[in-house]
Amino acid sequence: MQQLQAAVDAPAEIPDGADAAQLVFLRKTQAEQRDRRTKRLAFLRTFLDSVGVGQEGTVPDVVIPGALLRLEFDGQVDEDTLYTIAELPTEEADIVSPSSPLGHALTWQPTGREISYDASRGKSRTVVVREIRV
């Protein structure tokens, strides 16, 4: 997080001899990169604020990365499958990428709330978190 914060706070570097078009492109690229880093830093801070060390067995109030989830899709509870928001595969649950529309929709949501998200091909779906486990 310190490295991310340092990168966000660092002044923009402008190379010598760049023409106007290059400067416009460079500034746009730097602004986009700073925005991505700022969002990632906010995500990490929120995540660290919501989890605690030594709280084994404590069930979180909201969906956090790594928690096991029982989900209801479009009114159908999936009793046979546990899901988790994670980047790496696990044997315990099916993976939902945190960068996917479903992953974005689920993160930080409490149980029982109906959440809409855009599935593939612009199709809107709903999901409800029915259970959160650790």
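Helices and strands here are DSSP runs, numbered from the N terminus; a helix has at least four residues, a strand at least two. By that naming, valine 59 falls in the loop between α2 (20-50) and β1. The model is predicted. Its largest nonpolar core has 17 residues. One aromatic pair and six salt bridges are also counted.

**The nonpolar core**

- In soluble globular proteins, nonpolar side chains tend to be buried together.
- Within the largest core, the residues with the most contacts are Leu69, Leu71, Leu106 and Val127.
- Two or more core residues come from each of these elements: β1 (68-73), β3, α3 (101-106), β5 (114-118) and β6 (124-133).
- Leaving out residues up to four places away in sequence, leucine 106 touches Val63, Leu69, Leu71, Ile85, Ile115, Val127 and Val129.

- In β5, Ile115 and Tyr117 make up the covered face. The uncovered face holds Glu114, Ser116 and Asp118.
- β5 and β6 run antiparallel and are joined by five bridges.
- Across this pairing, serine 124 in β6 stands opposite aspartate 118.
- The hairpin of β5 and β6 has five residues between its strands. There, arginine 121 has a positive phi near 60°.

**Threonine 84**

- Threonine 84 sits in strand β3, which covers residues 83-85.
- Its relative accessibility is 4%, so threonine 84 counts as buried; the cut-off for buried is under 20%.
- A polar atom of the threonine 84 side chain lies 3.4 Å from the backbone oxygen of glycine 66.
- Beyond its neighbours within four places in sequence, threonine 84 is in contact with Gly66, Ala67 and Leu68, among others. Its contacts also include Thr90, Ala93, Asp94, Ile95 and Val96.

**The aromatic pair**

- A pair of aromatic rings is described by the distance of the centres and the angle of the planes.
- By the rule used here, the count is one such pair.
- The pair is phenylalanine 73 with tyrosine 83, and their ring centres are 5.7 Å apart. The planes meet at 75°, so the pair is edge-to-face; planes over 60 degrees apart count that way.
- Phenylalanine 73 is buried, at a relative accessible area of 15%. Tyrosine 83 is buried too, at 13%.

**Salt bridges**

- Side chains of opposite charge can pair when their charged atoms come close.
- The count comes to six salt bridges.
- Glutamate 131 and arginine 70 form a salt bridge, at 4.0 Å from N to O. The pair links distant parts of the chain, 61 residues apart: glutamate 131 is in strand β6, arginine 70 in strand β1.
- Are the two partners buried or exposed? Arginine 70 is buried, with a relative accessible area of 10%. Glutamate 131 is partly exposed, at 30%.
- Glutamate 131 also meets arginine 133 in a salt bridge, at 2.8 Å from N to O. Arginine 133 has 30% relative accessibility, so it counts as partly exposed.
- Through shared partners, salt bridges join Arg70, Glu131 and Arg133 into one network.
- Aspartate 74 and arginine 125 form a salt bridge in which the closest N and O atoms are 2.7 Å apart. This pair also links distant parts of the chain, 51 residues apart: aspartate 74 is in the loop between β1 and β2 (76-77), arginine 125 in strand β6.
- Aspartate 74 is partly exposed, at a relative accessible area of 39%. Arginine 125 counts as partly exposed, at 27%.

**Valine 59**

- Valine 59 has 43% relative accessibility and so counts as partly exposed; that class lies between the under 20% of buried and the over 50% of exposed.
- Which residues does valine 59 touch, not counting those up to four places away in sequence? They are Ile132 and Val134.
- Valine 59 and valine 96 are 37 residues apart along the chain, and their C-alpha atoms are separated by 19 Å.

Terms used. Residues numbered from 1 in each chain as written. Predicted model: local features only at pLDDT ≥ 70, side-chain atom pairs only at ≥ 80, totals over all residues. Heavy atoms only, no water. Buried < 20%, exposed > 50% of the residue type's maximum accessible area, 1.4 Å probe, protein only. Polar contact = N/O pair within 3.5 Å; in protein donor to acceptor, adjacent residues only side chain to side chain. Contact = heavy atoms within 4.5 Å. Core = buried A, V, L, I, M, F, W, Y, C linked by side-chain atoms within 4.5 Å. Pairing = 2+ DSSP bridges. Phe/Tyr/Trp six-rings, centres within 6.5 Å; stacked < 30°, edge-to-face > 60°. Salt bridge = Lys/Arg side-chain N within 4 Å of Asp/Glu carboxyl O.
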